[in-house]
Amino acid sequence: MSQLSYARYGKDNIRLFKVEKDEKAGTQTVVESTVCILLEGDIETSYTEADNSVIVATDTQKQTCYILAKQNPITPPELFASVVGDHFIKTYPHIHAAHVKVIQHKWTRMTIDGKPHPHSFLRDGEDIRVVESVTRENVGISIRSKIEKLLVLKSTGSAFYGFHRDEYTQLKETWDRILSTEVEAGWAWKTFSGLEEVKSVASKFDLAFNAVKEITLKTFALDNSASVQATMYKMCDQILAAVPLVEAVDYALPNKHYFEIDLSWHKGLKNTGKDATVFAPQSNPNGLIQCTVTRKGPKSKL
Ligand SMILES: O=c1[nH]c(=O)c2[nH]c(=O)[nH]c2[nH]1
């Protein structure tokens with residue numbers, strides 16, 4: 001009468017913290033991550049026949065994650081996700097795919113009296129580095145890296161005019177507005193043949209992350225923005241040029257509106273157009289602009 005049409009299981013929100021101690025230099029380095037593991041394979045009978053023999057317990061998955069974190073570097077997160085995924089498909093013949101997500105939280109070394117402190121860190125921003133990997137038997141490892149929750153704002157250098165108008169349009173054109181967004185940017189790597197290939201390019205992951213962040217911030221700041229759409233496309237284009245191993249770049253940018261407030265009712269106070277200095281930040285609704293950009297090739301469906 002019924003059939004199982006989707007099955008994955010694993011452990012979510014595995015929290016990891018690793019300290020690397022350089023005794024010689026007297027410095028320590030820390031990494032904090034949150035890991036999600038979801039396994040796929042010949043596990044149907046655990047759902048349909050209460051057959052627990054095919055279940056690698058989610059507690060086992062958590063313990064494995066701790067052990068692999070002890071035995072391997074946990075950054076770059078792309079490499080650690082691949083190490084974890086590889087372990088599960090190689091250790092258990094009936095597990096055919098491992099979905100591993102790693103969120104790397106920010107701990108930035110403190111500067112005290114102008115010098116990097118050997119063992120103190122601060123959270124200087126809520127932005128996170130995220131990796132979503134799929135390790136699939138006989139296919140390889142696909143990895144999508146992301147930066148999320150990077151909050152930015154520019155108080156000028158952004159316009160929005162010339163958009164379609166009809167009887168539903170109320171928005172006025174503007175040649176000078178506040179632009180703010182919480183950046184979610186993703187970049188999909190070519191499919192890697194296996195863990196060895198991921199290891200061979202491991203140095204590229206941090207370089208790509210830094211390039212994406214720099215291109216995003218620089219383009220946001222310097223572009224005389226015609227729209228969120230036009231500015232985000234410029235970001236994608238530069239990232240594809242900067243990171244040859246990346247096949248696709250995607251952005252999802254909420255347009256966090258700051259509305260002008262007409263105060264002319266109070267003694268003719270001027271607070272619109274070029275006189276606007278006090279604004280009302282809006283929580284919702286917000287615009288949401290998304291795109292994926294790939295290298296030129298066969299026509300996409302867009
Ligand atoms: O950059 C923008 N893109 C839009 O699609 C849009 N729509 C809107 O109301 N304001 C904006 N701004």
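1. Aromatic pairs. Two rings of Phe, Tyr or Trp, the last by its six-membered ring, count as a pair if their centres lie within 6.5 Å. On that basis, a search of the whole structure, which is a predicted model, turns up seven aromatic pairs. One of them joins tryptophan 189 and phenylalanine 192. Their centres are 6.5 Å apart, with 35° between the planes, and the pair is classed as tilted.

2. Distant parts of the chain are linked by it: tryptophan 189 belongs to strand 8 (residues 179-189), phenylalanine 205 to helix 5 (residues 203-222), and 16 residues separate them.

3. The cluster and its burial. Ring pairs tie Trp189, Phe192 and Phe205 into a cluster. Is tryptophan 189 buried or exposed? Tryptophan 189 is buried, at 3% relative accessibility. Phenylalanine 192 is buried at 0%. Phenylalanine 205 is buried, also with a relative accessible area of 0%.

4. What else tryptophan 189 touches. Neighbours within four places in sequence are set aside here. The contacts of tryptophan 189 are then Glu78, Ile143, Ser145, Lys204, Phe205, Ala208, Val243, Leu245, Val246 and Glu247.

5. The nonpolar core. The largest nonpolar core has 60 residues. Which members touch the most others? They are Val35, Phe80, Trp187, Trp189 and Tyr251. Helix 3 (residues 77-91) contributes the most to this core, with seven residues. Domain 1 (1-138) and domain 2 (149-184 + 202-301) each supply at least three residues to the core.

6. Charges over rings. Arginine 123 lies over the face of tryptophan 107, 4.4 Å from the ring centre. Lysine 154 places its charged end over the ring of phenylalanine 220, at 5.7 Å from the centre.

7. Cysteines. How many disulfides does the structure hold? It holds zero. For cysteine 36, the closest cysteine sulfur is that of cysteine 65, 10 Å away, so the gap is too far for a bond. Cysteine 36 is buried, at 14% relative accessibility. Cysteine 236 is in no disulfide either; its nearest cysteine sulfur belongs to cysteine 291, at 3.9 Å. Cysteine 236 is buried, with 0% relative accessibility.

8. Asparagine 255. This residue sits in strand 9 (residues 246-255). Asparagine 255 is buried, with a relative accessible area of 9%. Leaving out neighbours within four places in sequence, asparagine 255 is in contact with Arg177, Leu179, Ser180, Val228, Asn286, Gly287 and Leu288.

9. Isoleucine 178. Look for this one in the loop between strand 7 (140-154) and strand 8. Isoleucine 178 is buried, at 14% relative accessible area. Residues up to four places away in sequence are not counted in what follows. Isoleucine 178 touches Leu153, Lys154, Ser155, Tyr258 and Phe279. Isoleucine 178 and glycine 157 are 21 residues apart in sequence, and their C-alpha atoms are 7.9 Å apart in space.

10. Cis peptide bonds. Threonine 75 and proline 76 are joined by a cis peptide bond, with omega about 0°. Proline 76 lies in the loop between helix 2 (58-71) and helix 3. Another cis peptide bond joins asparagine 284 and proline 285, with omega about -5°. Proline 285 is in the loop between strand 11 (279-281) and strand 12 (287-294).

11. Positive phi. Asparagine 13 is not a glycine, yet its phi is positive, near 60°. Asparagine 13 is part of strand 1 (residues 9-22). Asparagine 13 is exposed, with a relative accessible area of 53%. Lysine 149 also has a positive phi, about 65°, without being a glycine. Strand 7 holds lysine 149. At 45% relative accessibility, lysine 149 counts as partly exposed.

Technical notes. Residues are numbered from 1 along each chain as its sequence is written. This is a predicted model: local features need pLDDT of at least 70, side-chain atom pairs count only at pLDDT 80 or more; totals for chains, interfaces and linings use all residues. Side-chain values use heavy atoms; hydrogens and water are left out. Rings of Phe, Tyr and Trp (its six-membered ring) pair if their centres lie within 6.5 Å; planes under 30 degrees apart count as stacked, over 60 as edge-to-face and the rest as tilted. Buried means under 20% relative accessible area, exposed over 50%, partly exposed in between (1.4 Å probe, protein chains only). Helices (H or I, at least four residues) and strands (E, at least two) are DSSP runs, numbered from the N terminus. A charge sits over a ring if NZ of Lys or CZ of Arg is within 6 Å of the ring centre and within 35 degrees of the ring normal. A nonpolar core is a set of buried Ala, Val, Leu, Ile, Met, Phe, Trp, Tyr and Cys residues joined through side-chain atoms within 4.5 Å. Domain bounds come from an automatic or database domain assignment. Contact means heavy atoms within 4.5 Å. A disulfide is a pair of cysteine sulfur atoms within 2.5 Å.
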